[in-house]
Amino acid sequence: YTLSFPDHADILATAGNTPMAIQVQDGGGKITVFSSTFGASSRNVVPPNVIIKSEDDKPLLKPFPILNHVKSLLNRIFNSLKLFEVNEALGLITCCKREGVYQLGITNNTWTEKPVNIKSHFGDIIFIKEQEIDRTGNSATGYLPENLHGEHIGNSAENTIAGGDIRIFEVKVQELNVTEVPQQEPPVRPQSRYLVLRDIQKVKNEILTRPTFFQHFNGIAVDWKYLHTKESNILRQEAGWISRQKLKIIVDLTSGVDFYPELRLIDNLHEDYVSSMVKIEDVITKMKIFYASELILPLHRFPENSFTKKQTWDSFTATFIRLCKYAKLYDVNLNLRLTLGRPPYTLKEAADFIEKVDLSNVRLAPETAFILAAKGDVQENLGLIKGKLGLWLLSGLKNDLEGKYWDQNIPISVYKDKDSVMKIIRSIHQIPVVLDGVYKDHDEEYLDAYTLDTY
């Protein structure tokens, strides 16, 4: 690629007259830029008839190796920062304990004895003292690989290290030209901000593909089938990583609550209703494994016949009471999604429904698109649901030439009336926000988070 750089930059490598690497002084450090993607070859150097396979004691073939000039420059940069040096065949780990005092871990990953000669690159060594390690296991069966005996690996003496051994030294140095970089505390994570992840295979993989995730979010919302289709023991294996990251999880039943064929919330066809309750209660039970405490679910359409509107509302109410009582056993809250095209159709209906259920773990989760489309004064409408909110579902909406709404999952970053959306979610404080737009890539996710941070 073509590099653009200021006149004072140092050109480190060229191909003909084309700069391949440059370096610029910036503040107390330097920025080094390579013109090649990842510093690797853009062409596969392994012949097409050669199969890349794992062989004993041989490195894998590298189809896209690091380029020679990149390797040379990186070696130069890293070597300039080395504090200590030992035999190149040995591993070295350096820990600063306090000013001038370091702890070195030296490892011999070969099966032959190697010399140990510790050198300092930043001042004279005052003393070296080895830290004793318990070696009672060295003579135990299985310590060495089969057919390998102690005499083959040599000894760990004053200036040598045996094959497969580890030694730890405390080293004091008369430091020269060393500046300790103060520890930087990472910025506090955003609180109560969630990203919807749809059609995913594994939570951990999704988070790792978003390296800056925890700078913008502290949780995710996943589809109910992520839990329902997996065995509990599989979910427990994932839960360890989720717990260590302090990642919060919301579960969303929206894709399944369709009246037919998946999940119904009214008892007008008993067999199907019982099947639906079993599935939903299975999800609630598994939420405990993921430390998830919030469940989103909408209502569905009314039946066409043989079940009146009053019967439908009564059945909705009875189902929510049932699910709330079951969810209470697992410390789970139910959040009724308010969305266009499904009951309840107004905020007044939604508030009345919550009051009929009358349980402490049922709340409302309105889409901001639903609020934007509601008739009447926005602040007056929001007053109807104040005290009943559990989540904001953040999205914009689009309407056609006749004014009918056809898309209610527009990313906020491209929604033209951002002011109205921000006024909605800031009108009632400390309500968790779920980014509920449909995003085509990670950039659109980031732009919505950035909009929330800066607007």
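Two strands are said to pair if DSSP finds at least two bridges between them, and the strands themselves (E, at least two residues), like the helices (H or I, at least four), are DSSP runs numbered from the N terminus. What we have here is a predicted model, in which local features need pLDDT of at least 70 and side-chain atom pairs count only at pLDDT 80 or more, while totals for chains, interfaces and linings use all residues. Residues are numbered from 1 along each chain as its sequence is written, and side-chain values use heavy atoms, with hydrogens and water left out.

Now to a helix, α9, which spans residues 347–357, and in which Leu347, Ala350, Ala351, Phe353, Ile354 and Val357 are buried. Here buried means under 20% relative accessible area, exposed means over 50%, and partly exposed lies in between, using a 1.4 Å probe and protein chains only. Why do these residues sit on the same side of α9? They cover an arc of only 160° around the axis, which puts them on that same side, the arc being that of the directions from the helix axis to the C-beta atoms. On the other side of α9, Glu355 and Lys356 are exposed. The buried residues pack against α8 (309–328), β16 (333–338), β17 (362–366), α10 (368–373) and α11 (378–385), where contact means heavy atoms within 4.5 Å.

What about the interior? A nonpolar core is a set of buried Ala, Val, Leu, Ile, Met, Phe, Trp, Tyr and Cys residues joined through side-chain atoms within 4.5 Å. The largest such core has 81 residues, of which Leu247, Val251, Phe290, Phe320 and Trp392 touch the most other members. A second, separate core has 13 residues, including Phe84, Phe122, Ile161 and Val171.

One residue I would like you to find is Asp165, in the loop between β10 (160–161) and β11. Is Asp165 buried or exposed? With a relative accessible area of 8%, Asp165 is buried. Its side chain makes a polar contact of 2.7 Å with the side chain of Arg135. A polar contact is a pair of N or O atoms within 3.5 Å; within protein, one must be able to donate a hydrogen and the other to accept it, and residues adjacent in sequence count only if both atoms are side-chain atoms. Leaving aside neighbours within four places in sequence, Asp165 is in contact with Ile106, Thr107, Asn108, Arg135 and Ser156.

I will finish with the backbone. Most residues other than glycine have a negative phi, and most peptide bonds are trans. Tyr291, in the loop between α7 and β15 (294–297), has a positive phi of about 55° although it is not a glycine, and at 56% relative accessibility Tyr291 counts as exposed. Ser192 also has a positive phi, near 60°, and at 26% relative accessibility Ser192 counts as partly exposed. As for the peptide bonds, a cis bond joins Tyr260 and Pro261, with omega about 10°, and another cis bond joins Pro343 and Pro344, with omega about -5°.
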